[in-house]
Amino acid sequence: QVQLVESGGGLVQPGGSLRLSCAASRNIVSRYTMGWYRQAPGKQRELVATVTSGGTTNYADSVKGRFAISRDNPKDTVYLQMNSLKPEDTAVYYCNARRILLDARLLDYWGQGTQVTVSS
């Protein structure tokens, strides 16, 4: 069973920075599309950033230029560097690992989430 464990969340002032980490089990970071999603109170979960096994990244418009996703394959860890944080970035951030097999089966795993609060 794949496990994803997030860390690095917390309280930060507007304009500050945080780095989230997602430690994965079973050597999956290099083989899956890894992503960060977030869910604010009363809102649906939304995509923040993804990185494919080939290294292609994708970002939500709201975080482009401020957030950066990266991965360390030997450490089986994915990171989300968040800079210039805004109050509207406040949410629970979730790590995701996703892969579509050759027989079209979807493998989709989620972490437990880590809270990020941006407030003065």
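Before going on, a word on the model: it is predicted, local features need pLDDT of at least 70, side-chain atom pairs count only at pLDDT 80 or more, and totals for chains, interfaces and linings use all residues. Residues are numbered from 1 along each chain as its sequence is written, and side-chain values use heavy atoms, with hydrogens and water left out.

The strand labels are DSSP runs numbered from the N terminus, with strands being E of at least two residues and helices being H or I of at least four. Two strands pair if DSSP finds at least two bridges between them.

So, on to the sheet. Four strands form an open sheet in the order S1-S3-S8-S7, with antiparallel pairing. S1 and S7 are the edge strands, each pairing on one side only. From one strand to the next, the twist averages 15°; axes here are lines fitted to C-alpha atoms, for helices over the stretch in contact, and angles run from 0 to 180 degrees between N-to-C directions.

Two examples in S8: Tyr-79 is the bridge partner of Ser-21, and Thr-77 is that of Ala-23.

Buried means under 20% relative accessible area, exposed over 50%, and partly exposed in between, with a 1.4 Å probe and protein chains only.

Back to Cys-22. The structure holds one disulfide, and this joins Cys-22 to Cys-95, with 2.1 Å from S to S. The two cysteines lie 73 residues apart, Cys-22 in S3 and Cys-95 in strand S9, residues 91–100, which links distant parts of the chain. The cut-off for a disulfide is a pair of cysteine sulfur atoms within 2.5 Å. For those who like torsions, the angle about the S-S bond is -80°, a left-handed link. Both Cys-22 and Cys-95 are buried.

Next, the core. The largest nonpolar core has 33 residues, and Leu-4, Met-34, Trp-36, Leu-80, Met-82 and Tyr-93 have the most contacts inside it. Strands that each supply at least two of its residues include S3, S8 and S9. By a nonpolar core I mean buried Ala, Val, Leu, Ile, Met, Phe, Trp, Tyr and Cys residues joined through side-chain atoms within 4.5 Å.

Finally, two loop residues. Asp-89 sits between S8 and S9, and is buried at a relative accessible area of 1%. Its side chain makes a polar contact of 2.8 Å with the side chain of Arg-66. Such a contact is a pair of N or O atoms within 3.5 Å; within protein, one must be able to donate a hydrogen and the other to accept it, and residues adjacent in sequence count only if both atoms are side-chain atoms.

Arg-45, in the loop between S4 and S5, is partly exposed at 34% relative accessibility. Leaving out residues up to four places away in sequence, Arg-45 touches Tyr-37, Arg-38, Gln-39, Tyr-94 and Trp-110, where contact means heavy atoms within 4.5 Å.
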